[in-house]
Amino acid sequence: MSILANDGPVADEVDVPGEDDATASSARKSWLRRTWSLAAAAAIVALAVLVVLFSRGGWWGSTPSHAGDRDQALAAAKSCIATMNTYNYKSLDAAEKKALDCTTGSFTQTYRQAFQSLRTQATDAHAAQTFQVDNAGIAQVSSDYKQIQVLVFGQISVTSSSTGGSPSYSVLSAEVTMQKTSEGWRVAGYRTAP
């Protein structure tokens, strides 16, 4: 006698010698109850896993990955550091305004003071400086994605009366703290890195 009843060949037949149909029927029901209990438990576990995944946004990235924030902060850092390190003694007011538009918080005043010192030196030396970003990358991201540390590497070119009109070159690497503001990503801190 077979526990699984079907018309075709059965792979897992169980013969119960010497038992009547009532005993076999009871064994079949017991086996089916265990099978359905296991299937129900597996379905409940699968449902619980799905609930957890959907409540957290899933593993496939439906929660915001903040990749857009990283890209925007990186682009702003590159643009702002180039702006803050580019000037011409003939148009220092415009250079300062553009640079200050890139700043936020207490760093705005810090930069303003540094630029006043630069203003005198640049005017006396008839200096012009440009900064070309060669590379940049994210160093650190705050847990709330409102501050991102960016490392920027590039080359400064300076012409002045002391260089005889020929550019002199130097390398600049900077650690820039970018702050998310209502106007976009702005420089909240900046220091040259060794």
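Mentor: What follows is a set of questions about labels given to parts of this predicted model, each answered by setting a value against its cut-off.

Trainee: What makes up the chain, and in which order do the elements come?

Mentor: The chain holds four helices and five strands, and from the N terminus on they run α-α-β-α-α-β-β-β-β. Of its 194 residues, 29% count as buried. The chain exposes about 12300 Å², with carbon and sulfur atoms supplying 56% of that area. Among contacts between residues at least 6 apart in sequence, 50% join residues at least 24 apart.

Trainee: Which residues of helix H3 are buried, and what puts them on the same side of the helix?

Mentor: In H3, which spans residues 92-100, the buried residues are Leu92, Ala95, Glu96, Ala99 and Leu100. They cover an arc of only 125° around the axis, and therefore they lie on the same side of H3. An α-helix has 3.6 residues a turn, so residues three or four places apart point the same way.

Trainee: What covers that buried side, and which exposed residues does the face turned away from it carry?

Mentor: The cover of the buried residues of H3 includes helix H2 (67-84), strand S1 (87-88) and helix H4 (107-125). The face of H3 turned away from the buried side carries the exposed residues Asp93, Lys97 and Lys98.

Trainee: Why is H3 called roughly antiparallel to H4?

Mentor: The two helices pack at an angle of about 160°, with their axes 11 Å apart. Angles over 145 degrees count as roughly antiparallel, and the angle between H3 and H4 therefore makes H3 roughly antiparallel to H4. The crossing in which H3 passes H4 is right-handed. On the H3 side the contact is made by Leu92, Asp93, Ala95, Glu96, Ala99 and Leu100, while H4 contributes Thr108, Tyr111, Arg112, Phe115, Gln116, Arg119, Ala122 and Thr123.

Trainee: Why is Asn88 called partly exposed?

Mentor: The relative accessible area of Asn88 is 28%, and partly exposed covers the range between the buried limit of 20% and the exposed limit of 50%, so Asn88 is partly exposed. Asn88 belongs to strand S1, and it touches Ala127 and Ala128 when residues up to four places away in sequence are not counted. Asn88 and Thr159 are 71 residues apart along the chain, and their C-alpha atoms are separated by 9.4 Å.

Trainee: What makes the backbone at His126 and Tyr145 worth a remark?

Mentor: Most residues other than glycine have a negative phi. His126, although not a glycine, has a positive phi of about 50°, and Tyr145, also not a glycine, has a positive phi of about 60°. His126 sits in the loop between H4 and strand S2 (128-141), whereas Tyr145 is found in the loop between S2 and S3.

Trainee: Are these two residues buried or exposed, or in between, and how do you know?

Mentor: The relative accessible area of His126 is 43%, so His126 is partly exposed. Tyr145, at 18% relative accessibility, counts as buried, because the limit for that word is under 20%.

Trainee: Which residues does Ser161 touch, and how far from His126 is it?

Mentor: Ser161 is found in the loop between strand S3 (147-159) and strand S4 (168-181). Not counting residues up to four places away in sequence, Ser161 touches Ala125 and His126. Ser161 and His126 are 35 residues apart in sequence and 5.9 Å apart in space, C-alpha to C-alpha.

Trainee: Why is Thr177 called buried, and what does it touch?

Mentor: Thr177, which lies in strand S4, has a relative accessible area of 15%, and since buried means under 20%, Thr177 is buried. Beyond residues up to four places away in sequence, Thr177 touches Gln147, Ile148, Gln149, Arg186, Val187, Ala188 and Gly189. From Thr177 to Val150, 27 residues apart in sequence, the C-alpha to C-alpha distance is 6.4 Å.

Notes. Residues are numbered from 1 along each chain as its sequence is written. This is a predicted model: local features need pLDDT of at least 70, side-chain atom pairs count only at pLDDT 80 or more; totals for chains, interfaces and linings use all residues. Side-chain values use heavy atoms; hydrogens and water are left out. Buried means under 20% relative accessible area, exposed over 50%, partly exposed in between (1.4 Å probe, protein chains only). Contact means heavy atoms within 4.5 Å. Accessible areas come from the Shrake-Rupley method with a 1.4 Å probe; for residues, only the protein chains shown count as cover. The arc is that of the directions from the helix axis to the C-beta atoms. Axes are lines fitted to C-alpha atoms, for helices over the stretch in contact, and angles run from 0 to 180 degrees between N-to-C directions. Angles under 35 degrees count as roughly parallel, over 145 as roughly antiparallel, 65 to 115 as roughly perpendicular and the rest as oblique. A crossing is left-handed if the near helix is turned anticlockwise from the far one by less than a right angle, and right-handed if clockwise.
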